[in-house]
Amino acid sequence: MPADKRLRAIWIALCVCCSKVSTENYDKIVKGMKEDKVNSILGIASESRNSSVKIDGVTYTSTQSKWRSDKGTIAVLFQNGEVQDKEYFPPGTEPPPQRRN
C-alpha cells in the first residue's frame, strides 16, 4: 500500500477511535455557545457548510456542521458564530442530505 494511503487509513482509524460524538457531549452544547467551544468539545467537524446573507448592510453568517461516528451524528447550526440549534441522530437514523436544485 502506498504511504499516502497508509497515512490516510491511520488518520481515519484514529478519528473513529477517538470520536467525541456521544449523548454526553451533545448535552454539553447549549444555545448561544461559541463555535470554538463546540469544537473543543467535539473536535473537528466531519462536514461543514457556510452561507451568508446581507440585509440592510448587515452581513449574517450561518454554518451547518456535522460530527459523525459509529455512535451517531451530531448536527449543529451556528449563526454568527453561536449555536442556534442542534440535533442528535443515533446510528442509522440520520435523514439523507437534501438535494440542491
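Two strands pair if DSSP finds at least two bridges between them. Helices (H or I, at least four residues) and strands (E, at least two) are DSSP runs, numbered from the N terminus.

This is a predicted model: local features need pLDDT of at least 70, side-chain atom pairs count only at pLDDT 80 or more, and totals for chains, interfaces and linings use all residues. Residues are numbered from 1 along each chain as its sequence is written, and side-chain values use heavy atoms, with hydrogens and water left out.

**Exercise 1. Strand pairing**

Task: Find how E1, E2 and E3 are joined, and name a bridge partner in each pairing.

Solution: 
- Step 1. Take E1 and E2. They run antiparallel, joined by 9 bridges.
- Step 2. Pick a bridge. Ile 55 has Val 58 in E2 as its partner.
- Step 3. Look at the turn. The hairpin of E1 and E2 has 2 residues between the strands, and Asp 56 there takes a positive phi near 50°.
- Step 4. Move to E2 and E3. These strands are also antiparallel, with 8 bridges.
- Step 5. Pick a bridge again. Ser 65 is partnered by Val 76 in E3.
- Step 6. A hairpin of 2 residues joins E2 to E3.

**Exercise 2. Salt bridges**

Task: Locate the salt bridges and state how accessible each partner is.

Solution: 
- Step 1. Apply the rule: a side-chain nitrogen of Lys or Arg within 4 Å of a carboxyl oxygen of Asp or Glu. The count comes to 2 salt bridges.
- Step 2. Glu 82 and Lys 34 meet at 2.9 Å, N to O. Glu 82 sits in strand E4 (residues 82-89), while Lys 34 is in the loop between helix H2 (23-28) and helix H3 (35-42), 48 residues apart.
- Step 3. Buried means under 20% relative accessible area, exposed over 50%, partly exposed in between (1.4 Å probe, protein chains only). Glu 82 has 28%, so it is partly exposed. Lys 34 has 45%, so it is partly exposed.
- Step 4. Arg 68 and Glu 47 meet at 2.8 Å, N to O. Arg 68 lies in strand E2 (residues 58-69) and Glu 47 in strand E1 (residues 47-55), 21 residues apart.
- Step 5. Arg 68 is partly exposed at 37%. Glu 47 is partly exposed at 32%.

**Exercise 3. Core and aromatic pair**

Task: Which residues make up the largest nonpolar core, and where is the aromatic pair?

Solution: 
- Step 1. Define the core: buried Ala, Val, Leu, Ile, Met, Phe, Trp, Tyr and Cys residues joined through side-chain atoms within 4.5 Å.
- Step 2. List the members. The largest core has 12 residues: Val 21, Tyr 26, Ile 29, Met 33, Val 38, Ile 41, Leu 42, Trp 67, Ile 74, Val 76, Phe 78 and Val 83. H3 and strand E3 (72-79) are the elements that give two or more residues to this core.
- Step 3. Trace Val 21. A contact means heavy atoms within 4.5 Å. Not counting residues up to four places away in sequence, Val 21 touches residues including Trp 67, Ile 74 and Tyr 88.
- Step 4. Find the rings. Rings of Phe, Tyr and Trp (its six-membered ring) pair if their centres lie within 6.5 Å; planes under 30 degrees apart count as stacked, over 60 as edge-to-face and the rest as tilted. There is 1 aromatic pair. Tyr 26 and Tyr 88 form it: tilted, 5.9 Å centre to centre, 55° between the planes.
- Step 5. Tyr 26 is in helix H2 and Tyr 88 in strand E4, 62 residues apart. Tyr 26 is buried at 17%, whereas Tyr 88 is partly exposed at 22%.
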